[in-house]
Amino acid sequence: MKAVLTLLVTLLFLTSCAQTNSRADYDEPTNRSDPNSPAMLNVRMGVAYFEREDYELAIEKLKRAIAINPKLAIAHSALALVYSTMGAGNEAARHYKASVKHAPNDPIILNNYGTFLCQQGDYKKAVEFYQRTLANPFYKTPETVHENAGVCLMKDDLFEQAEKHFRAALNVNPEMTVSLYNMAIISAGQDQPLKARAFIQRLSRLEALDKRLLSVAYQVERKLGNQDEANKYLSQLKKLK
């Protein structure tokens, strides 16, 4: 969560400085504030306190930023992330909605609100915000949004729709581990062991398999008639128990 907050602020600082004769990344004037303005300086301090887990001071600084500039979307979004971390869902929702109100086309703002909605179990609405994020051609990392949407759809048991997003993420970056993991799960569940094996092998080259995927890998290899390989996964699984 902290990394997300820092990245959000950093990216919005960059867009605030990207004023050229070419088309701006975003049309929201609230996201083009001078990074050295009093409001943005308070946002920066709020993020720093958040990273130190001093939530009280983080909230104080971010509220001060909003008092200076009530339409500063980044301040609302950052404050929402702090509240969300603290478990204050109602306050987080209020500031997420404010951030979207003041920057309705900003993909970073939309992506963060989508993630919050998914965490709250509002999967359908979360995916709508992910789709709005993906609709912005200037967003630099669409693969992360596709992966976020896929995870959210998995939670809603919409596996075919989730698969489309995971494949889209892997088309951009073949090493998206969450996408590889879930594609293995989906393929195994669709009784496609060869596909599941391929995703498991790709993932295993990037990170160690957890209990769930080792169990899936064991069942996949048994279904393919490869008992020796299945036993290897079973041995790894026993070591983790």
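1. A residue is called buried when its relative accessible area is under 20%, exposed when that area is over 50%, and partly exposed in between. F50 has a relative accessibility of 0%, so F50 counts as buried. The structure discussed in this note is a predicted model, and the points below move from the chain as a whole to individual residues.

2. The overall architecture is helical. The protein chain contains 13 helices and zero strands. Read along the sequence, the pattern is therefore α-α-α-α-α-α-α-α-α-α-α-α-α. The protein chain has 241 residues, and 46% of them count as buried.

3. Among the contacts in the protein chain with a separation of 6 or more, 51% are between residues 24 or more positions apart.

4. For I200, once residues up to four places away in sequence are set aside, the residues touched are A184, L209, L213, V216, A217, V220 and Y233.

5. How accessible are the two partners, F50 and Y55? F50 is buried at 0% relative accessibility, whereas Y55, at 22%, counts as partly exposed. The value for Y55 is not under the 20% limit, which means that Y55 does not count as buried.

6. A second pair has another geometry. The ring centres of Y113 and F116 are 6.5 Å apart and the planes meet at 15 degrees, so this pair is stacked. The reasoning rests on a cut-off: planes under 30 degrees apart count as stacked. Where do Y113 and F116 lie? Both are in helix α6, residues 107-119, three residues apart, which is about one turn of the helix. Y113 is buried, with a relative accessible area of 3%, and F116 is buried at 4% relative accessibility. Y113 and F116 also belong to one aromatic cluster together with Y96 and F129.

7. The structure holds zero disulfides. C118 has a relative accessible area of 6% and is therefore buried. C152 is likewise buried, with a relative accessibility of 0%.

8. Two residues with polar side chains illustrate burial within helices. N182 lies in helix α10, residues 177-189. At 10% relative accessibility, N182 counts as buried, because this value is under 20%. The side chain of N182 reaches the backbone oxygen of V178 at 2.9 Å. Leaving aside neighbours within four places in sequence, N182 is in contact with V151, M154 and F166.

9. S99 is the other such residue. S99 is placed in helix α5, residues 89-102. Is S99 buried or exposed? S99 counts as buried, since its relative accessibility is 0%. Not counting residues up to four places away in sequence, S99 touches A73, H76, S77 and I109.

10. E53 has a positive phi of about 65 degrees, although E53 is not a glycine. E53 is found in the loop between α2 (38-51) and α3 (55-68). D157 is also a residue other than glycine, and its phi is positive, near 60 degrees. Which loop holds D157? D157 is in the loop between α8 (142-155) and α9 (159-172). With a relative accessible area of 54%, D157 is over the 50% limit and is therefore exposed.

Note on methods. Residues are numbered from 1 along each chain as its sequence is written. This is a predicted model: local features need pLDDT of at least 70, side-chain atom pairs count only at pLDDT 80 or more; totals for chains, interfaces and linings use all residues. Side-chain values use heavy atoms; hydrogens and water are left out. Helices (H or I, at least four residues) and strands (E, at least two) are DSSP runs, numbered from the N terminus. Buried means under 20% relative accessible area, exposed over 50%, partly exposed in between (1.4 Å probe, protein chains only). A polar contact is a pair of N or O atoms within 3.5 Å; within protein, one must be able to donate a hydrogen and the other to accept it, and residues adjacent in sequence count only if both atoms are side-chain atoms. Contact means heavy atoms within 4.5 Å. A disulfide is a pair of cysteine sulfur atoms within 2.5 Å. Rings of Phe, Tyr and Trp (its six-membered ring) pair if their centres lie within 6.5 Å; planes under 30 degrees apart count as stacked, over 60 as edge-to-face and the rest as tilted.
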